Amino acid sequence: MEINDFDKLGIEDVKKVYYNPDYETLFQKELEQQEGVETSLGAVAVDTGIFTGRSPKDKYFVKQPPSEKYIAWGDINQPISKEIFDELFQKTKEYLSGKELYIMDAFAGASDESKKGIRVVTEIAWQAHFVKNMFIRPTEEELKNFHPDFTLYVAANLKNERYKEHGLNSDVFIIFNIEENIAIIGGTWYGGEIKKGIFSMMNYWLPLEGKLSMHCSANIGDKEDVALFFGLSGTGKTTLSADPNRRLIGDDEHGWDDHGVFNFEGGCYAKVIGLDKEKEPDIYSAIKRDALLENVVVKENGEVDFEDASKTENTRVSYPIYHICKHKEDLQGPHPKNIIFLSADAFGVLPPVSKLTKEQAMYYFLSGYTAKVAGTERGITEPVATFSACFGEAFLPLHPTVYAKLLGEKIDEHGVNVYLVNTGWTGGPYGVGKRMSLPATRACINAILDGSINEAEFETLPIFNLAIPKSVKGVDSTILNPRNTWEDKEAYDKQLEHLAKLFIENFKRYEGYGNFDYSQAGPQL
């Protein structure tokens, strides 16, 4: 098939091009080039080298008009000059010249009026496989007329040796040139850079068109009721949206336009550390031929050890969404009925479920809270609070209030219910209490989805002023108010106050910003 706009890539003497190859071709190339190994589950497993996660300090946007006036510049969106970009872009094109290449054309966004055509150029078969899994696969007919809106060049082995001269963080670079609709990635093998790079661009384009872009999963029930699940990594976003009684729209990135909700992607990217066949059967059964495992430990017999975190805690699998039996084929749904914010509270003080007012929804969306245990640093056993605006601040080129304003308008317009669900600790903080059981969390989610939670009597959590149901079908009522689960009530009160202070301190960043004063909807001391 002829590749439209191929001459515009600026890559010379290409030995051979694999254009949107099928899965079998990719599978053979991965094994032939020793990029990965076949596992007993049928999926290929690859290693991403020293980079087992994203490199946020190496991500830049070219500072130029008109995009410079929209971008929220700072530690997340770092500026780079057009001159440095041009130099590195030239190096990238030269590096990719004279090689066998994979060119993948796909769509980001299932909505016809909101989708973007993306092109990814790489020399690595498994990265092409990752793109095929993660984005929306065009038909043969669509490929004939395909003209990319955005092109991403991946040169995993190319390092910027002049980075100190350029004033950059390291020899790795991930740079977006919005005006030229180009991004370049060099020096890192991690597949998630491709996925989140396109997500960052959707987060730039859509809000400027009056559409909301969201870091959330989504599913739909038999009554066409859509639920959105927001949450940072490790809070259960992928696990809880893969519900045997509902169809999955998508597990990570969505848009919300005038017609409803739509997936940005055509696949799923799930964490697999500690994956349990019994507890997460949908994800486990999705790991088969055409799925792609990253950084897992594979035994000599091809068996995957999902418990082994010796390479990284961030072991992953990508697979096309149709590997999940119950999925929504068009990857779209109507306006949502329920929104669920997931937090894994390692302080152990938040309730398993609480109902939010519209103002509280805005507050907790802008806070984007979870808490983790800093297992990477020796000697640290106390929970560490993480606040990531809109549950995805690392991928937001615009100011967080832009997304929050759009969310608030849509909640009002469509009468959406919003809930906060704690998938973290109960009975004490990490190290004392225990992790909330998945069945208890699922029961809370089910009560939200079937509406029965609204029939409950509610009480108020002090300081945070959250509305807690006194009973939820399938949940031991003693755990619904977290104070009941702590033996030392005084310790609970202190911990609650401590977390409230962290929330209040974090929210000061929004003081005096436009018309956004939702601080009264948060904890009050």
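**Figure 1. The loop that holds Pro-66.** Pro-66 belongs to the loop between strand 4 (59-62) and strand 5 (78-80). Helices (H or I, at least four residues) and strands (E, at least two) are DSSP runs, numbered from the N terminus. The peptide bond from Pro-65 to Pro-66 is cis, with omega near 0°. Most peptide bonds are trans. This is a predicted model: local features need pLDDT of at least 70, side-chain atom pairs count only at pLDDT 80 or more, and totals for chains, interfaces and linings use all residues. Residues are numbered from 1 along each chain as its sequence is written, and side-chain values use heavy atoms, with hydrogens and water left out.

Figure 2. Most residues other than glycine have a negative phi. Asn-295 is not a glycine, yet its phi is positive, about 60°. Its loop runs between strand 17 (292-294) and strand 18 (297-298). Cys-390 also has a positive phi, near 60°. Cys-390 sits in the loop between strand 25 (383-387) and helix 10 (400-414). Are these residues buried or exposed? Asn-295 is buried, at 2% relative accessibility. Cys-390 is buried too, at 5%. Buried means under 20% relative accessible area, exposed over 50%, and partly exposed in between (1.4 Å probe, protein chains only).

**Figure 3. An aromatic pair, Tyr-369 and Phe-503.** The structure holds 28 aromatic pairs. In one of them, the ring centres of Tyr-369 and Phe-503 are 4.9 Å apart and the planes stand at 50°, so the pair is tilted. The pair links distant parts of the chain: Tyr-369 is in strand 24 (residues 369-373) and Phe-503 in helix 12 (residues 489-507), 134 residues apart. Rings of Phe, Tyr and Trp (its six-membered ring) pair if their centres lie within 6.5 Å; planes under 30 degrees apart count as stacked, over 60 as edge-to-face and the rest as tilted. Tyr-369 is buried, with a relative accessible area of 1%. Phe-503 is buried as well, at 0%. Both belong to one aromatic cluster, formed by Tyr-363, Tyr-364, Tyr-369, Phe-387, Phe-464, Phe-503, Phe-507 and Tyr-510.

**Figure 4. Charges over rings.** Arg-289 places its charged end over the ring of Phe-27, 3.4 Å from the centre. Lys-99 lies over the face of Tyr-95, and here the distance to the ring centre is 4.0 Å. A charge sits over a ring if NZ of Lys or CZ of Arg is within 6 Å of the ring centre and within 35 degrees of the ring normal.

**Figure 5. A polar contact at Asn-314.** Which side chain does the side chain of Asn-314 contact? The partner is the side chain of Tyr-190, at 3.1 Å. A polar contact is a pair of N or O atoms within 3.5 Å; within protein, one must be able to donate a hydrogen and the other to accept it, and residues adjacent in sequence count only if both atoms are side-chain atoms. Asn-314 lies in the loop between strand 19 (304-305) and strand 20 (316-320). Asn-314 is buried, at 16% relative accessibility.

Figure 6. On a 1 Å grid over the protein atoms alone, a cavity is a set of points where a 1.4 Å probe fits but cannot get out, and a pocket is an open set with protein on both sides within 12 Å along at least five of seven lines; lining residues have an atom within 4 Å of a point. Grid points are joined across faces, edges and corners, and a volume is the space filled by probe spheres set on the points. Ala, Val, Leu, Ile, Met, Phe, Trp, Tyr, Cys and Pro count as nonpolar, Asp, Glu, Lys and Arg as charged, and the others, Gly among them, as polar. Among the lining residues are Gly-221, Asn-245 and Lys-337. Asn-245 is in the loop between helix 7 (237-241) and strand 13 (247-250). Asn-245 is exposed, with a relative accessible area of 56%. Its C-alpha atom is 7.3 Å from that of Gly-221, 24 residues apart along the chain.

**Figure 7. The second largest cavity.** Its volume is about 50 Å³. Cys-390 is one of the lining residues, along with others including Phe-199 and Tyr-403. Strand 11 gives the largest share of the lining, 3 residues. The lining holds 6 nonpolar, 4 polar and no charged residues.
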